[in-house]
Amino acid sequence: MDTQIIKIDSENIDKKAIEVAAKVLASGGLVAFPTETVYGLGANALDPLATKKIYSAKGRPSDNPLIIHVSRTSQVELYAEEVSPVAKKLMDLFWPGPLTLIFKRKPIISDSITGGLDTVAIRLPSHPIAREIIDAANLPIAAPSANRSGRPSPTRVEHVIEDLDGRVDIIVDGGSAAIGLESTVLDVTVDPPMILRPGYVTLEMLQDAIGKVDMDASIIQTQSNVIPKAPGMKYRHYAPQGSLTIVEGDEEKVAKYILEQVKMYRDKKVAIIATDEEAHLYEGNRVYTIGSKTNPEEVAANLFKILRLMDTEGIEYIFAPSFPQEHIGRAVMNRLLKAAGNRRVIL
Ligand code: TXA
Ligand code: MG
């Protein structure tokens, strides 16, 4: 398949280009487009043949359900059986934005996107290009992250091209995704609501808004064998080809340990992920700076880009520091631990 790459400036959106993408979606095609979290791979959520193409383009297991993207809050009741007052409050506060809500589904939503579950995930993204495409298509758009299954989610158009060129009809180039981590997934069919995937909208923000909020046990006990409630969270994910180890402890000890490891693997291609503040401890080695310790949003935005770079550069062993598991740090550590297959050294 020939993939058409269309560049759209999010500050000066070309309506004709939006129409081209919307038409392809309406006729059952696949369009990758930017959102504020990561790039998504969109198809008409009401067309099982179209959503089937998403699974084959990504190589995604069919039991892993898709998120439906809408462009207006009022569309939720078309697909969700019940919208509780708590859900309404969250939609008011956090939409458009990086929060996905799980509702009981209406029959119009078929098994082909829910993996057979009786619930449906819905999100209203804030990225102007995403919203305009969804609006112009006038359809709910199923869109997982636009990566081949198992790879880190794409935060730049180059990542999408790397994974999906030749497998989709259109890739919309709309620049880098600002947040760089996927949306928070919150199940509002249970009381209290439960976070199934941590993201930019943090536990603390949700608690401030609605009081008690639970976290799926698999997020907290990353070392254990608890099966996650979001089917997609159980798969090996984000993992680079090289072997990644997270090293936790005070700065000096971590640096000493990592430098010993680097020495041990001197015949191999070894890389160190470090914060701006810690990079100097590794001078003379292959260091990738992920952002400032004081700016966890910056760390989040750079994480997937760096994990992908490791593969591009054929890195065999990777060492990364640990980040405090609070606020967005929870999402960062959730993705890092998955990428490391839970390999963590605590000093
Ligand atoms: O930020 C995002 O959410 C991006 C952008 C493109 O919007 N999308 C995204 O989709 O990350 P995906 O398919 O890569 O991840 C969706 C996650 C998976 O872990 C999936 O299992 C879970 O949401 N999920 C979807 N529907 C669900 C449902 N009904 N119940 C529980 N988990 C669900
Ligand atoms: Mg994904």
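Four bridges join strand 5 (residues 99-104) to strand 6, and the two run antiparallel. This is a predicted model, where local features need pLDDT of at least 70, side-chain atom pairs count only at pLDDT 80 or more, and totals for chains, interfaces and linings use all residues. Residues are numbered from 1 along each chain as its sequence is written. Strands (E, at least two residues) and helices (H or I, at least four) are DSSP runs numbered from the N terminus, and two strands pair if DSSP finds at least two bridges between them.

Strand 6 has another partner to meet: strand 4 (residues 67-69), which pairs with strand 6 in the parallel sense over three bridges. Here are example partners from each pairing.

| Residue | Partner in strand 6 |
|---|---|
| Isoleucine 67 | Alanine 121 |

Strand 6 itself spans residues 119-123, and five of its five residues are buried (under 20% relative accessible area with a 1.4 Å probe, protein chains only). Thr119, Ala121 and Arg123 lie on one side, with Val120 and Ile122 on the other, so both faces are covered.

Now to a pair of helices. The axes of helix 11 (residues 296-312) and helix 12 (residues 329-339), lines fitted to C-alpha atoms over the stretch in contact, come within 10 Å and cross at roughly 15° between N-to-C directions, on a scale from 0 to 180 degrees. That makes the two helices roughly parallel, a label for angles under 35 degrees. Val299, Ala300, Leu303, Phe304 and Leu307 of helix 11 meet Val332, Arg335, Leu336 and Ala339 of helix 12, with contact meaning heavy atoms within 4.5 Å.

Key
Chains lettered and ligands numbered in written order. Heavy atoms only, no water. Buried < 20%, exposed > 50% of the residue type's maximum accessible area, 1.4 Å probe, protein only. Parallel < 35°, antiparallel > 145°, perpendicular 65-115°, else oblique.
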